Amino acid sequence: NSLSWHIIGFILTIIYTVKFYSILLTYTILVLNIISCNGQNTDDLIKNQQEKLNEQQNQVEDILVEIEDLKLLKIQETLKKYIPKESGNHEIIYHSAFVLSYNENHEQADWVMHIVPKDVVTGTVTRTNDFRTDPSVSTGTADVADYWNSGYDRGHLAPSADFRWSRKALSESYYYSNMSPQRPELNRNSWNNLEIQVREWVVDFGDLLVITGPVLNDQLPKIQQGSNRVSIPEAYYKIVVDMNHPQPKAIAFLMPNRNLTDNISNYIVNIDSIESVTNIDFFPQIANADDFESTTDFKYWDYSSTKISEAPNFKYDLNHIPTKQATYFIGTDCNVCGKVVATRYNKNSETGITYINFDEFYPNSPFTAVIFGKDRINFTYEPEVYLKNKLICVKGKVELHKGKPQIIVNSENQFSIYQP
């Protein structure tokens, strides 16, 4: 019997051993299957999540496009409130982020108005350089043949970098309706510094309204190549306005179309001065616009940039305006005072013109008095001889000629000896 129990025990041991390994094998296979299944599910999950992410990214991109379109719409609505008033039948052209008045006689805009938003700070769109004619101008615009190898830059009036927050708006800034022939020395240096300064002011003040344009007249020379004969302006202006106040804050610049070696703060003027040389009323819709158009107080504007230094003191007596400040008083009747360093009487010219240059020799003289031959009978002396090397004041209306201030003198009563 004892042997039988041993045999039974042995058989049972074998049976349980077989069952144990069988169960172990079964669980092993099950675990392997689970691992295999889980691996397959993870790949599927990754794929599904990636598809969801792509879908969400597409939704975000669509939302960003909608936001940009709304911002452009807001800018368009704002710009329409401030259309300048000018004489002549010039075509007003609206684009996504700027509006302009196209002057067919000069094949460029009288003015371009745009808003520089704070989005420009984080904008990442780069230059597109897709210069092209503007299909919105009914009479056609200048084109590449007018500028190619002309010696002039295709100078943006509304700078492309101001639109780097919108690819659409930036691309449209390359329409030839937004171009004007600028001297490379101006476009790439002082004018560029001014554009940078405006964007830095946006950081300080928020959205700014900017109006830019050439000073145009019928006597301007033309680019002789191409078929459009684009006028070459003597000077350019830029008006910057902060509308985020009950009374807008404004500053303006008037720069001759040439190389400038001094600081751009020397070209600050008020808006009235720009209106005088362009015959454009820039803000006819704003009540009491004269208050900020005529201001000579520019302390509001922070000159944090190295591109521009402290604004000059504009608190001058109109009876004693230094020659180097005459540019701030374009269109104003005043006395401009300085030393006559050079004179020239063109006796044999058609107009018999006499030039009286102050403080520096031509072409660096900051101010000139001009006497036409027909008016010399109103002088009891020869002005080119008598006035030379004297400290004098000249009285009259300051005008801009070839980017520099001058006064037309009709009689000797406009001259007086200056005693500082």
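## About the model

The model is predicted, and local features need pLDDT of at least 70, side-chain atom pairs count only at pLDDT 80 or more, while totals for chains, interfaces and linings use all residues. Residues are numbered from 1 along each chain as its sequence is written, and side-chain values use heavy atoms, with hydrogens and water left out.

## Helix α4

Let's begin with helix α4, residues 184–205. Helices here are DSSP runs of H or I with at least four residues, strands are runs of E with at least two, and both are numbered from the N terminus. The expected span of a helix is 1.5 Å times one less than its number of residues.

Just after the helix comes Gly206, with a positive phi of about 95°.

## A nonpolar patch

Have a look next at Val60, Ile63, Leu64 and Ile67, which form a nonpolar surface patch with about 340 Å² of accessible area together. Patches are made of residues with over 30% relative accessible area and no salt bridge, where like charges are joined within 9 Å and nonpolar side chains (Val, Leu, Ile, Met, Phe, Trp, Tyr) within 5 Å. A salt bridge is a side-chain nitrogen of Lys or Arg within 4 Å of a carboxyl oxygen of Asp or Glu. Areas come from the Shrake-Rupley method with a 1.4 Å probe, and for residues only the protein chains shown count as cover.

Ile67 sits in helix α1, residues 2–79. Its relative accessibility is 37%, so Ile67 counts as partly exposed (buried is under 20% relative accessible area, exposed over 50%, partly exposed in between, with a 1.4 Å probe and protein chains only).

Cys337 and Cys393 form it, with their sulfur atoms 1.9 Å apart. The torsion about their S-S bond is about 105°, so the disulfide is right-handed. Because Cys337 lies in strand β13 (residues 333–345) and Cys393 in strand β16 (residues 391–397), the pair ties together parts 56 residues apart in sequence. Both Cys337 and Cys393 are buried. Cys334 is in no disulfide, and the nearest cysteine sulfur, that of Cys337, is 8.8 Å away. At 5% relative accessibility, Cys334 counts as buried.

Tyr345 also lies in strand β13, and at 29% relative accessibility it counts as partly exposed.

Methods. Disulfide = S-S within 2.5 Å.
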